[in-house]
Amino acid sequence: MRYGSVVPARFLARPNRFIALVDLDGRQEAVHVKNTGRCRELLVPGAPVYLEKGTNPGRKTAYDLIAVQKGQRLINMDAQAPNRVFAEWAAQGGFAPDAADIRAEYRYGSSRLDFCLETPCGPHLVEVKGVTLEEGGAARFPDAPTERGVKHIRELCGAAEAGLDATLFFVVQMEGICSVAPNDVTHPAFGAALREAACRGVNVCARGCLVTPDSIVMGGPIPVLL
């Protein structure tokens, strides 16, 4: 996927989950943060960030914060990007080459899972999780407790036990990552649920992304350490 009208800036502060203050061409600008996670290790004062100019003239903020430079690594932190990247990749046959149809926001049980791919073997349910937390070249998820994430894992377990293909798919929004693992320090219940799901037949896999200031596309597979 590609963004339009991207400009560089410097991060100053984050007064709340939705707003960041940045230095844009020497002036302070309030911008929308497209990620409600903590992102504390990313949004540090002085960090180079990239903004996409909005197209709605009536909105309160003129820009969205979509990416941040952390050392030598550029990290996309747009929470909507992982699903869009997965959808583009799956439509090209990247996930299931024999899929005849891809449906988003698929109702299963008491949840809406991100995707259902219709394959010759039947429906394949996929829940996508975007990953922005990196520590020493390894990725961790989540960066904040996510009861919703645990609920989605439970739904995938039910689907697998009902004989359906079910996958928890991590889209790591950066390059050069050696592995992905649950962040047990931040949310041990998520890690426990993920390990249980893997034992009950849920596929758990991950891929990195090729990231530039104005684009993000699916990259190669990354090992998931459970």
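1. Strand β11 (residues 138-141) runs parallel to β13, and three bridges join the two. Pairing here requires at least two DSSP bridges between strands. Strands are DSSP E runs of at least two residues, and helices are H or I runs of at least four, numbered from the N terminus. The bridge partner of A139 in β13 is V180.

2. On provenance: this is a predicted model, where local features need pLDDT of at least 70, side-chain atom pairs count only at pLDDT 80 or more, and totals for chains, interfaces and linings use all residues. Residues are numbered from 1 along each chain as its sequence is written, and side-chain values use heavy atoms, with hydrogens and water left out.

3. The sheet is open, has three strands in the order β10-β11-β13, and shows mixed pairing. β10 (133-135) and β13 (180-182) are the edge strands; each has a single partner strand, so one side of each lacks a neighbour in the sheet. From one strand to the next, the twist averages 35°. Axes for such angles are lines fitted to C-alpha atoms, for helices over the stretch in contact, and angles run from 0 to 180 degrees between N-to-C directions.

4. The largest nonpolar core holds 46 residues. Such a core is a set of buried Ala, Val, Leu, Ile, Met, Phe, Trp, Tyr and Cys residues joined through side-chain atoms within 4.5 Å. Buried means under 20% relative accessible area, exposed over 50%, partly exposed in between (1.4 Å probe, protein chains only). V22, V49, L51, L65, I153, F170 and V172 have the most contacts inside this core. Helix α2 (residues 147-161) gives the most to this core: six residues. Another core, of 23 residues, lies apart from it and includes M1, A96, V128 and I216.

5. I153 touches L168, F190, A193, L194 and A197, leaving aside neighbours within four places in sequence. Contact means heavy atoms within 4.5 Å.

6. The whole structure has 14 salt bridges. The criterion is a Lys or Arg side-chain nitrogen within 4 Å of an Asp or Glu carboxyl oxygen. R73 and E134 form one, with the closest N and O atoms 3.4 Å apart. R73 is in strand β6 (residues 73-76) and E134 in strand β10, so the pair ties together parts 61 residues apart in sequence. E134 is buried, at 9% relative accessible area.

7. K129 and E127 also form a salt bridge (3.2 Å, N to O). K129 is buried at 7% relative accessibility. E127 is buried too, at 1%.

8. E196 and R200 meet at 2.6 Å, N to O, in a salt bridge. E196 is partly exposed at 32%, and R200 is partly exposed at 30%. A network of salt bridges links R154, E161, E196 and R200.
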